[in-house]
Amino acid sequence: MKIITQLLFFGFLLLSHVLVAQHQIQEVEVEGLKETKLAYLSHFIDTKQGETLDSLQLQKDLQRLRNLYAVANVKAQIDTLAEGLKVTFQVEEAWTFFPIINFGGIRGNFWFQLGFTDVNWLGKGKQLTAIYRNNDLRQNYQLYLRAPFLQGSRWGFSGGLQRFASVEPLYFGDQTVFYDYTNLSATLTGIYQLDRNQYFEGGVTFFNEDFQKNARHAGEATPGPNALNENKILLKAIHDINRINYDYFYESGFLNHANWQSVYNFAKNNWFHIFLNDAKYYRRIGKRGNFASRLRIGISTNTNSPFAPFVLDSYVNIRGAGNRIDRGTAALIANLEYRYAFWDKRRFAAQVVGFSDVGTWRDPGGSLTELWDREQFRHFAGGGLRLIYKQAHNAILRVDYGVDIYAPSQRGWVIGIGQYF
């Protein structure tokens, strides 16, 4: 009897070993790579040779790869070998080098830009961007490099040089005064990946701000200085948690981006602090619908100055409102969209969009209770169209038309590249 028990026990061990071997991964291969380096892509794959196949882990690997700018789509093929399994990731690479010929416009300001960006530079997930931009008929330049992973580690960096120039409306009581604004800056930051979905970034920017009263005010008696030139240093800290999953242009999940900045003014020997937090949530509705939302909260040192940091304009918060029509030292903005893909083919797609943009601002030197003041409240609603190239991340031509629901005479078109948020 004892011998029979031992035979059954050893037979069970042998059967278990055979079953485990049948589900053990003997080989992992990645197919379809042309520009992307295997060492970079492997950083996002947890399915490893010698381990037992975990179907849930494999699905996570596939989604993680789809979320990369370098990947348009990926599938997994599992083959049975003599001594186990072979897992093959079949990658469809995305177009990551873009010649930039972009334009946008709202009432009172048309802009265009020329240049290039590569979001998978050297095949290692780095971003290299060089841009010339004409904004308000003024010259803008930018050179930017971002390398989030150095030698496969959790550490990275970003750096950039920029000239940003525009015509800025500043508000002195009831009077608007326009300034030619120029900002020359150099930035360097360090990046640390806390995990695959979140990172911390901190760094410094040295910059010079120059304000010159616009020529339209020549001969006028207007408030404000005729010129102002100041050197400043900016210290910033960013925490970003990103759990957005992509299926081509469809999005699901959430993102929270928190940005703290402290600016030291050498001329005035004082500090100015800014905090801005963007929370975004996306949800798939059916096969072709997509709900999108953003809540933006901003607050800064409440200096009673026309040079307030948070603006009300069509570019970033309220579509249809116009070109930087107001400024404040605190802001609360909510954006809602429903996107429906009425046309979706292999490489191209098109969406119609309905949106609601709501925002409120605190005037410089004012009270936070102003955020609940009806006079500070703006609500624009409207619709738009998206023309989408599916083989590249966020390669979208966007056209929106927004109307103030309380004052319908205030309305406008907004044209740009990429989703609004």
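These are my notebook entries on what I looked up in this predicted model.

**Ground rules**

I number residues from 1 along each chain as its sequence is written, and my side-chain values use heavy atoms, with hydrogens and water left out. Since the model is predicted, local features need pLDDT of at least 70 and side-chain atom pairs count only at pLDDT 80 or more, while totals for chains, interfaces and linings use all residues.

**Entry 1: the nonpolar cores**

I began with the inside. A nonpolar core is a set of buried Ala, Val, Leu, Ile, Met, Phe, Trp, Tyr and Cys residues joined through side-chain atoms within 4.5 Å. Buried means under 20% relative accessible area, exposed means over 50%, and partly exposed is in between (1.4 Å probe, protein chains only).

The largest core has 15 residues, and those with the most contacts inside it include Leu41, Phe44, Leu65 and Val74. Helix 2 (38-42), helix 3 (55-66), strand 2 (71-81) and strand 3 (84-93) each give two or more residues to this core. Helices (H or I, at least four residues) and strands (E, at least two) are DSSP runs, numbered from the N terminus. I also noted a second, separate core of 13 residues, with Phe310, Leu312, Ile318 and Phe380 among them.

Which residues does Val74 touch, leaving aside neighbours within four places in sequence? I found Leu62, Leu65, Arg66, Phe89, Gln90 and Val91. Contact here means heavy atoms within 4.5 Å.

**Entry 2: a nonpolar patch on the surface**

Next I went to the outside. Ile285, Tyr338, Tyr340, Phe342, Trp343, Phe348, Val352, Leu385 and Leu387 form a nonpolar patch there, with about 810 Å² of accessible area together. Two or more of these residues come from each of strand 17 (330-344), strand 18 (348-362) and strand 19 (377-389). Strand 17 gives the largest share, four residues.

Patches are made of residues with over 30% relative accessible area and no salt bridge; like charges are joined within 9 Å and nonpolar side chains (Val, Leu, Ile, Met, Phe, Trp, Tyr) within 5 Å. Accessible areas come from the Shrake-Rupley method with a 1.4 Å probe, and for residues only the protein chains shown count as cover.

I picked Tyr340 as my example from strand 17. Tyr340 counts as partly exposed because its relative accessible area is 37%.

**Entry 3: salt bridges**

Side chains of opposite charge can pair when their charged atoms come close. I used this rule: a salt bridge is a side-chain nitrogen of Lys or Arg within 4 Å of a carboxyl oxygen of Asp or Glu. How many salt bridges does the rule give? The count comes to 22.

Arg324 pairs with Asp136, with the closest N and O atoms 2.8 Å apart. This pair links distant parts of the chain, 188 residues apart: Arg324 sits in the loop between strand 15 (310-312) and strand 16 (326-328), and Asp136 in the loop between strand 6 and strand 7 (138-147). Are these two buried or exposed? Arg324 is buried at 8% relative accessible area, and Asp136 is buried at 13%.

Arg319 forms a salt bridge with Asp400, the closest N and O atoms being 3.2 Å apart. Arg319 is in the loop between strand 15 and strand 16, whereas Asp400 is in strand 20 (residues 396-404), 81 residues apart. Both Arg319 and Asp400 are buried.

Glu337 and Arg339 make another salt bridge, at 2.7 Å between the closest N and O atoms, and both are buried. I then saw that Glu251, Arg319, Glu337, Arg339, Asp357, Arg386 and Asp400 are linked in a network of salt bridges.

Glu201 lies in strand 10 (residues 198-213) and counts as buried because its relative accessibility is 4%. Its side chain makes a polar contact of 3.1 Å with that of Arg146 and one of 3.1 Å with that of Ser158. A polar contact is a pair of N or O atoms within 3.5 Å; within protein, one must be able to donate a hydrogen and the other to accept it, and residues adjacent in sequence count only if both atoms are side-chain atoms.

Tyr132 is in strand 6 (residues 126-135) and is partly exposed, at 23% relative accessibility. A polar contact of 2.3 Å joins its side chain to that of Gln139.
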